[in-house]
Amino acid sequence: MIDLSFLEKISKGDIPKMKRYISMYLTVAPEIFERMQKNLDEENWLDLALNAHSIKPQTDYMGIESLKQVLMEIENAVVKSNYTSLAMLFETAFELNEKSQVVLNNKLKEL
Amino acid sequence: MINQYPKVFIVDDEPLLSEMLSDYLLNNQPNLAITSFLTGEECLKKLYENPDVIILDFHLNSKVMDAANGIDILKEIKQKNKTVPVIMLSSQESYTKAVQTIGLGAIHYVIKGKDAFEEIQKIIEVNV
């Protein structure tokens, strides 16, 4: 589910640096998902897409490809005004985020 | 005269990206003097320091909702300093947006992703 090879490459094996990047992601991701949940509740589709857009590259750096794909689907759904699919897509993204948080937290302990 | 310590400004509202990019650039070119900003407004206040290159995110208002977006900041930068190279950074693979930013004076439009760091580093090497 998570491929940390990019982080390993970028940090050139510097463990404290890797831990810092993962910790930063673990802090920011729940905040953004909280904002997305609020956007969904308020049917604020534009901000929902903006928040999905803002976390997308970070999921890429953490190697969470499945989550990145769903975030792209959220963005595309908003662009196409396909609002009915957003609740389900958000739920999928939320679950993937929860799972990846567990994996990344475990990785932090291993490092 | 070659600048021994080229000044690089990174403007991005996501600290993770700024920090990773900054570390990557310094690993490859340790003489860079890098400053990161969370908003374009903060960067504009420091333009008097004459950066050698500015890396500017397209979307700058995911956290500070009333922050100006990258396009508006690019326009202001170019009004104040026509010669500074600006590299636009975006998650959107949009030809239209790329053309728009180049039209406003950016030297490159780089898509955020795993290849972006290397691409930016090469652009800096060539332009600074």
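This is a predicted model: local features need pLDDT of at least 70, side-chain atom pairs count only at pLDDT 80 or more; totals for chains, interfaces and linings use all residues.

Residues are numbered from 1 along each chain as its sequence is written, and chains are lettered from A and ligands numbered from 1 in the order in which they are written.

**Exercise 1.** Determine in what order the five strands of the open sheet of chain B are arranged, and which are the edge strands.

*Solution.* 
Step 1. The order is β2-β1-β3-β4-β5 (chain B), with parallel pairing; two strands pair if DSSP finds at least two bridges between them.
Step 2. β2 (33–37) and β5 (108–111) of chain B each pair on one side only, which makes them the edge strands.
Step 3. Strand β4 (residues 86–90) of chain B is joined to β5(B) by four bridges in the parallel sense. Within this pair, L89(B) stands opposite V110(B).

**Exercise 2.** Describe how helix α1 (residues 15–28) of chain B packs against helix α5 (residues 116–127) of chain B.

*Solution.* 
Step 1. The helix axes are 10 Å apart and form an angle of about 50°. α1(B) is therefore oblique to α5(B); angles under 35 degrees count as roughly parallel, over 145 as roughly antiparallel, 65 to 115 as roughly perpendicular and the rest as oblique.
Step 2. From α1(B), L21(B), Y24(B), L25(B) and N28(B) make the contact (C-beta atoms, placed from the backbone, within 7 Å) with F117(B), I120(B), Q121(B) and I124(B) of α5(B).

Notes. Axes are lines fitted to C-alpha atoms, for helices over the stretch in contact, and angles run from 0 to 180 degrees between N-to-C directions. Helices (H or I, at least four residues) and strands (E, at least two) are DSSP runs, numbered from the N terminus. Two residues are in contact if their C-beta atoms, placed from the backbone, lie within 7 Å.
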